[in-house]
Amino acid sequence: MTASFKLLFLSAAPGYGGAERSVETIVAHLPNTYEVHVLAESSIHIEALEAVGHSRLRIYRVDTRDGEVLAQAAFTLMSVWIQVQPDVIIVNTYDSARILAQARRLLPQIDRRAFIYVRDFQWLDIDSLLAQLPDAAIIVPHEVVLERPGYLPTQTTDQRSIHIVPDMAVIEEDARPHSTGSGPMLHLATVNPWKGHLSLLNAVSELHRRGIGINVTSYGCCADAALKREIEGVATSRGISRLFELHDHVSDPRPLIRDSVAVLVTSVSHSGGPETFGRTVIEAWAQRRPVIAYQAGAPGRLIRNGTDGLLVPEGDSVALAEAMSRLHSSPTLQSDLGLAGHERVKRDFSAPRVVERLLQILLDQKCRE
């Protein structure tokens, strides 16, 4: 890729999560000869981008809270497009796709160099959005996104190109596996129906009934206040509030992962799920931590049961409890699974490897013009 290559990321979102962290990671692995422009919304995201220290990075703050400010964001995009003439636009969030769709009404060719990264199944009006962006290519993190009937066009019914680019992790070479079995098990998940909080709570309750006290700490934004109250109420009524704790979202989960015995992924394939990749899985592996997950969505394909993690049938709280007990009681198993995951993430999901794959796709697009 030439030194004059110009990348424009649309990374607008009112919150802050894995999508925004991906942009920061990509920018951190781009040479300073690359010109990078980012439209961002979250203050946390903007601060993290600035901390990367890329010498040719320019950030534009936008807002997506209502129709009027969304139109202003589209105007900002058009101004940047006209001034910069980027080689590629990477649309990184749902709100960014809405911005691009508005901009295309006045700049009909703006989506010809666009890649829309569809990271989850929450784009309820995806048909309408894609119809407004007919020339944009699509990126998904795992093939499970393409397998959902009717969610995305396939190459047999649509001429647009579709690419699979997995999520990436920053490798922590100095991370060490636990050898004592101490520490909590960690659950990183937004409070919503498909992240499996109640199922996990049932597993903790089952362990408590057997006289096994395993602490679980769950961190994530609250997208469903009623569900959060229900979770807290159930934990209190069963006398396990000290074993199952809910905490707010943290922008950098790596210290929590390092201090955990294992990471739990209890997402299910209904109510808005499943996981379309499972960034938490590779973030745990990057820290040499083992993972226990329901066999649903991409985590059920990523994890090799008994080799780099433990898989249990989707929604089976008893099986989940048994896997948690098995792992908690065996420091050797913790170490073996964590080390195998670490080797896997270095080989397949390290940031330099994934960024290289992404940039090659972008270069191929430019060469076809």
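User: Which residue of β10 is the bridge partner of Ser 218?
Analyst: Leu 246 is the bridge partner of Ser 218. This is a predicted model, where local features need pLDDT of at least 70, side-chain atom pairs count only at pLDDT 80 or more, and totals for chains, interfaces and linings use all residues. Residues are numbered from 1 along each chain as its sequence is written, and side-chain values use heavy atoms, with hydrogens and water left out.

User: How many bridges join β9 to β10?
Analyst: Four, and the two strands run parallel. β9 covers residues 216-219. Two strands pair if DSSP finds at least two bridges between them. Helices (H or I, at least four residues) and strands (E, at least two) are DSSP runs, numbered from the N terminus.

User: What is the strand order in the sheet?
Analyst: β10-β9-β8-β11-β12-β13. Six strands form this open sheet, with parallel pairing.

User: Which strands stand at the edges?
Analyst: β10 (244-247) and β13 (310-312). Each has a single partner strand, so one side of each lacks a neighbour in the sheet. The twist averages 20° from one strand to the next.

User: What does Ile 240 touch?
Analyst: Leu 201, Val 204, Ser 205, His 208 and Ala 235, not counting residues up to four places away in sequence. Contact means heavy atoms within 4.5 Å.

User: Switching to helices. At what angle do α3 and α4 pack?
Analyst: About 70°, with axes 8 Å apart. α3 is residues 67-84 and α4 is residues 94-104. Axes are lines fitted to C-alpha atoms, for helices over the stretch in contact, and angles run from 0 to 180 degrees between N-to-C directions.

User: Why call α3 and α4 roughly perpendicular?
Analyst: Because angles of 65 to 115 degrees count as roughly perpendicular; under 35 is roughly parallel, over 145 roughly antiparallel, and the rest oblique. α3 and α4 therefore count as roughly perpendicular to each other.

User: Which residues make the contact?
Analyst: From α3, they are Gly 67, Leu 70, Ala 71, Ala 73, Ala 74, Leu 77 and Met 78. From α4, they are Asp 95, Arg 98, Ile 99, Leu 100, Gln 102 and Ala 103. By class, nine are nonpolar, two polar and two charged. Ala, Val, Leu, Ile, Met, Phe, Trp, Tyr, Cys and Pro count as nonpolar, Asp, Glu, Lys and Arg as charged, and the others, Gly among them, as polar.

User: And how do α10 and α13 pack?
Analyst: At about 110°, with axes 7 Å apart. α10 (residues 279-286) is roughly perpendicular to α13 (residues 331-348). Ile 282, Trp 285 and Ala 286 of α10 meet Gly 338, Gly 341, His 342, Arg 344 and Val 345 of α13. That contact has four nonpolar, three polar and one charged residues.

User: How many residues of α1 are buried?
Analyst: Nine of 11, in a helix spanning residues 18-28. Among them are Glu 20, Arg 21 and Glu 24.

Terms used: Buried means under 20% relative accessible area, exposed over 50%, partly exposed in between (1.4 Å probe, protein chains only).
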